Amino acid sequence: MDAQTDNFENSRQDIISSIGAPAALTLLGKAIFFVAMGSNDFINNYLTPVISAAEQKLITPEVFVGTMISRFRLQLTVIF
């Protein structure tokens with residue numbers, strides 16, 4: 001998700017550079033944004049070797065999901 005938010009920020013800066021800040025704010029203010037996470041975000045980060053088996057025993061799925069939600073909230077806050 002970090003890479004996706006970086007891509008959005010780069011696109012946003014390109015728009016500002018192209019049409020100016022006031023027009024970009026108007027344009028982006030009228031835009032509809034869709035952000036999604038899927039089961040692969042959980043599977044690829046919790047059930048694969050990104051974290052060790054020992055850590056999986058210490059970190060419950062509920063705690064892991066809570067951490068993902070907190071990180072996602074922070075990423076969205078940084079964007080907007």
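Reader: Before the surface figure, what method and probe do the accessible areas come from?
Author: Accessible areas come from the Shrake-Rupley method with a 1.4 Å probe. The model here is predicted. For the protein chain, the accessible surface comes to about 6100 Å².

Reader: And what share of that belongs to carbon and sulfur atoms?
Author: Carbon and sulfur atoms hold 63% of the accessible surface of the chain.

Reader: How much of the chain is buried?
Author: Of the 80 residues in the protein chain, 12% are buried.

Reader: Switching to the fold. How many helices and strands?
Author: The protein chain has five helices and zero strands. Along the sequence the pattern reads α-α-α-α-α.

Reader: How do α1 and α2 pack?
Author: Helix α1 covers residues 2–19 and helix α2 covers residues 21–29. Their axes lie 7 Å apart, at an angle of about 130°.

Reader: Is the crossing left-handed or right-handed?
Author: The crossing of α1 and α2 is right-handed.

Reader: Which residues make the contact?
Author: From α1, Arg-12, Ile-15, Ile-16 and Ile-19 take part. From α2, the contact uses Ala-21, Ala-23, Ala-24, Leu-27 and Leu-28.

Reader: Last one, on the whole chain. What share of contacts with a separation of 6 or more is between residues 24 or more positions apart?
Author: Such pairs account for 49% of those contacts in the protein chain.

Key:
Residues numbered from 1 in each chain as written. Predicted model: local features only at pLDDT ≥ 70, side-chain atom pairs only at ≥ 80, totals over all residues. Heavy atoms only, no water. Axes fitted to C-alpha atoms, helices over the stretch in contact; angles between N-to-C directions. Helix = DSSP H or I, 4+ residues; strand = E, 2+ residues; numbered from the N terminus. Left-handed = near helix turned anticlockwise from the far one by under 90°. Contact = heavy atoms within 4.5 Å. Buried < 20%, exposed > 50% of the residue type's maximum accessible area, 1.4 Å probe, protein only.
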